[in-house]
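The following paragraphs walk through one protein chain, from its overall make-up to single residues. Please keep the sequence and the 3D view at hand while reading.

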Amino acid sequence: MNKVEGLKTVFKSSKMEFLPGVYDEQSAALAEHEGFKGVWISVAEQVPCINSELAWRNVLKRVGALCGMLTIPTLLDIGRGYGDLVITVQQLRRLGVAGVCIEDGAESDLPWASDTINENCRQIRAAKAAAGNDILLIARCGALASGKGMQAALDRCDALQKAGVDAVLLHSQKAHGLEIAEFMYRWRHNVPVIIVSSQYSSVPLQVFDNAGVSVVIRATKNLDAGYGGAQTSDWLHADGGFGQNFPAMERLAAHSLR
């Protein structure tokens, strides 16, 4: 099974799956060693600071090195992306990235307007047409997190799934997780829904599993954060009961990565 098919299997699993965030070679190797079926890497915070093709290529070089050392799939968060999405997706596909997550722009200062989502969907359709089945596209929906409401989130995710995304990543600023549960109750499509668990640390993961969430990401450090001198594996520590639900979390937390 290739990495793209492996990530599809994670998305389509009959039970909720887990992807840990990794930020360097050691954390990636540890995640694979402990049996996780894939990993999450984020360069979203660096992307707005990239002002040259050379800087972007340096990011690609680091991502490629991580993908090359892993036999499990990588889901890469690129935020709003750098340059043309079609070109970016093709670059990442050649590096062996199994899935790429992009923001939908709902959390920006732009007014909530149909042309914003239409442009986003246009780019997604173009990227899917160019990449085919060789990489998965995941759209991060920020409608709930930006206070635009449940109906806006449903409408936006509906448009994104019609544009061809393979999954949607849903954010909410409400730590109780009720918005996620309500969204799942009202969501009528087969496109998988992903969430980031650290936003709802006090909510038992069984709540989201029962609601139908497909994948939980334990996002922590940005890819560059591993170079900041951190001495412990903060990204792996359990919080709010997360440990007893997250596979191998106790063993992972015992390791020092730096």
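Helices (H or I, at least four residues) and strands (E, at least two) are DSSP runs, numbered from the N terminus. The model is a predicted one, in which local features need pLDDT of at least 70 and side-chain atom pairs count only at pLDDT 80 or more, while totals for chains, interfaces and linings use all residues. Residues are numbered from 1 along each chain as its sequence is written, and side-chain values use heavy atoms, with hydrogens and water left out.

The chain has 10 helices and eight strands. Of its 258 residues, 52% are buried, where buried means under 20% relative accessible area, exposed over 50%, and partly exposed in between (1.4 Å probe, protein chains only). Contact is defined as heavy atoms within 4.5 Å. Among contacts between residues at least 6 apart in sequence, 73% join residues at least 24 apart.

The eight strands form an open sheet with parallel pairing, in the order β1-β8-β7-β6-β5-β4-β3-β2. Strands β1 (17-20) and β2 (39-42) stand at the edges with a single partner strand each, so one side of each has no neighbour in the sheet. On average, neighbouring strands of this sheet are turned by 25° against each other, direction ignored; axes here are lines fitted to C-alpha atoms, for helices over the stretch in contact, and angles run from 0 to 180 degrees between N-to-C directions. Two strands count as paired if DSSP finds at least two bridges between them.

Six of its six residues are buried, so β5 is largely enclosed by the rest of the structure. Both of its faces are covered: L136, I138 and R140 are buried on one side, and L137, A139 and C141 on the other. Strand β4 (residues 99-103) runs parallel to β5 and is joined to it by five bridges, with I102 having A139 of β5 as its bridge partner. β5 also pairs with β6 in the parallel sense, over four bridges, and there A139 stands opposite V168. Further along, β6 (residues 167-170) and β7 (residues 193-196) run parallel and are joined by two bridges; the bridge partner of L169 in β7 is I194.

The next topic is the nonpolar interior. A nonpolar core is a set of buried Ala, Val, Leu, Ile, Met, Phe, Trp, Tyr and Cys residues joined through side-chain atoms within 4.5 Å. Which members of the largest nonpolar core touch the most other members? They are F183 and F208, in a core of 62 residues. Helix α6 (residues 150-163) supplies the largest share of this core, seven residues. Not counting residues up to four places away in sequence, F183 touches M150, A153, L154, C157, L170 and V193. A second, separate core has 17 residues, including V4, L7, V10 and L19.

F183 belongs to the buried set of helix α7 (residues 178-186), along with E179, I180 and M184. These residues cover an arc of only 135° around the axis, which puts them on the same side of α7; the arc is that of the directions from the helix axis to the C-beta atoms. On the other side of α7, L178 and Y185 are exposed. The cover over the buried residues of α7 includes α6, β6, β7 and α8 (205-211).

Within α6 lies Q161, which is buried, with a relative accessible area of 18%. Apart from neighbours within four places in sequence, Q161 is in contact with W187, H189 and V191.

Helix α4 (residues 85-95) has L85, T88, V89, Q91 and L92 buried. Seen down the axis of α4, these residues fall within an arc of 160°, so they line one face of the helix. At the N-terminal end, D84 caps α4, with a side-chain oxygen 2.9 Å from the backbone nitrogen of V86. The cut-off for a polar contact is a pair of N or O atoms within 3.5 Å; within protein, one must be able to donate a hydrogen and the other to accept it, and residues adjacent in sequence count only if both atoms are side-chain atoms. Just after α4, G96 takes a positive phi of about 95°.

M69 is partly exposed, with a relative accessible area of 34%. Leaving aside neighbours within four places in sequence, M69 contacts E25, A28, A29 and E32. M69 and A28 are 41 residues apart along the chain, and their C-alpha atoms are separated by 8.5 Å.
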